Amino acid sequence: MIRPRNDINAVKAQIRRFRDRPVRVHVNLGRNKCADFTGRLTGIYPALFTVRPDDAAYRGKTAWSYAEILCGSVQVRPAAAMPPRA
């Protein structure tokens with residue numbers, strides 16, 4: 001599938017809009033495995049961003065690079081905008 005044209009600066013601007021807001025994160029872990037969780041986008045750095053999960057027991061990865069969004073392995077949306085996956 002051909003993805004729409006984006007660049008790192010557009011992804012960074014999109015992530016900056018979500019700072020300190022509730023977000024829903026969908027992560028493709030490979031081999032038909034996915035992780036979905038809600039949290040708050042807490043840190044925005046030059047090469048990556050961090051999300052603090054609402055669930056204190058969450059043991060997965062909570063920091064991602066902007067390139068992971070470009071390649072489609074991570075999706076970050078406002079908490080109300082992303083429907084739950086079945």
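Author: Thr-50 is buried, because its relative accessible area of 18% falls under the 20% cut-off. The model is a predicted one. Thr-50 sits in strand E3, which covers residues 48–53.

Now its surroundings. Residues up to four places away in sequence are left out of the contact list. What remains is Arg-40, Leu-41, Thr-42, Gly-43, Tyr-45, Thr-62 and Ala-63. Among these, Gly-43 is also the bridge partner of Thr-50.

That bridge belongs to the pairing of E2 with E3. The two strands run antiparallel and share five bridges. Another pair of bridge partners is Gly-39 and Pro-53, the latter in E3. A hairpin of three residues connects E2 to E3.

E3 also pairs with E4. This pairing is antiparallel too, with three bridges. Here Leu-48 has Ser-65 of E4 as its bridge partner.

Step back to the sheet. It is open and has five strands, in the order E4-E3-E2-E1-E5, with antiparallel pairing. Strand E4 (63–65) and E5 are the edge strands; each has a single partner strand, so one side of each lacks a neighbour in the sheet. From one strand to the next, the twist averages 40°. In general, strands of a sheet pair through backbone hydrogen bonds.

Next, the other side of E2. Strand E1 (residues 22–30) and strand E2 (residues 33–44) are antiparallel and are joined by eight bridges. Opposite Pro-22 stands Arg-40 in E2. Arg-40 is also one of the residues that Thr-50 touches. E1 and E2 make a hairpin with two residues between them. In that turn, Arg-31 has a positive phi of about 50°.

Strand E5 spans residues 74–78, and five bridges hold the antiparallel pairing. Arg-24 has Arg-77 of E5 as its bridge partner.

Val-25 lies in E1. How accessible is Val-25, buried or exposed? Val-25 is buried, because its relative accessible area is 0%, and buried means under 20%. With residues up to four places away left out, Val-25 touches Ala-35, Asp-36, Phe-37, Val-51, Trp-64, Val-74, Gln-75 and Val-76. Val-25 and Pro-78 are 53 residues apart along the chain, and their C-alpha atoms are separated by 8.8 Å.

The largest nonpolar core has 16 residues. Ile-15, Val-25, Phe-49, Trp-64 and Val-76 touch the most other members. Helix H1 (8–17), E1, E2, E3, helix H2 (66–70) and E5 each give two or more residues to this core.

Definitions and conventions
Residues numbered from 1 in each chain as written. Predicted model: local features only at pLDDT ≥ 70, side-chain atom pairs only at ≥ 80, totals over all residues. Heavy atoms only, no water. Helix = DSSP H or I, 4+ residues; strand = E, 2+ residues; numbered from the N terminus. Buried < 20%, exposed > 50% of the residue type's maximum accessible area, 1.4 Å probe, protein only. Contact = heavy atoms within 4.5 Å. Pairing = 2+ DSSP bridges. Core = buried A, V, L, I, M, F, W, Y, C linked by side-chain atoms within 4.5 Å. Axes fitted to C-alpha atoms, helices over the stretch in contact; angles between N-to-C directions.
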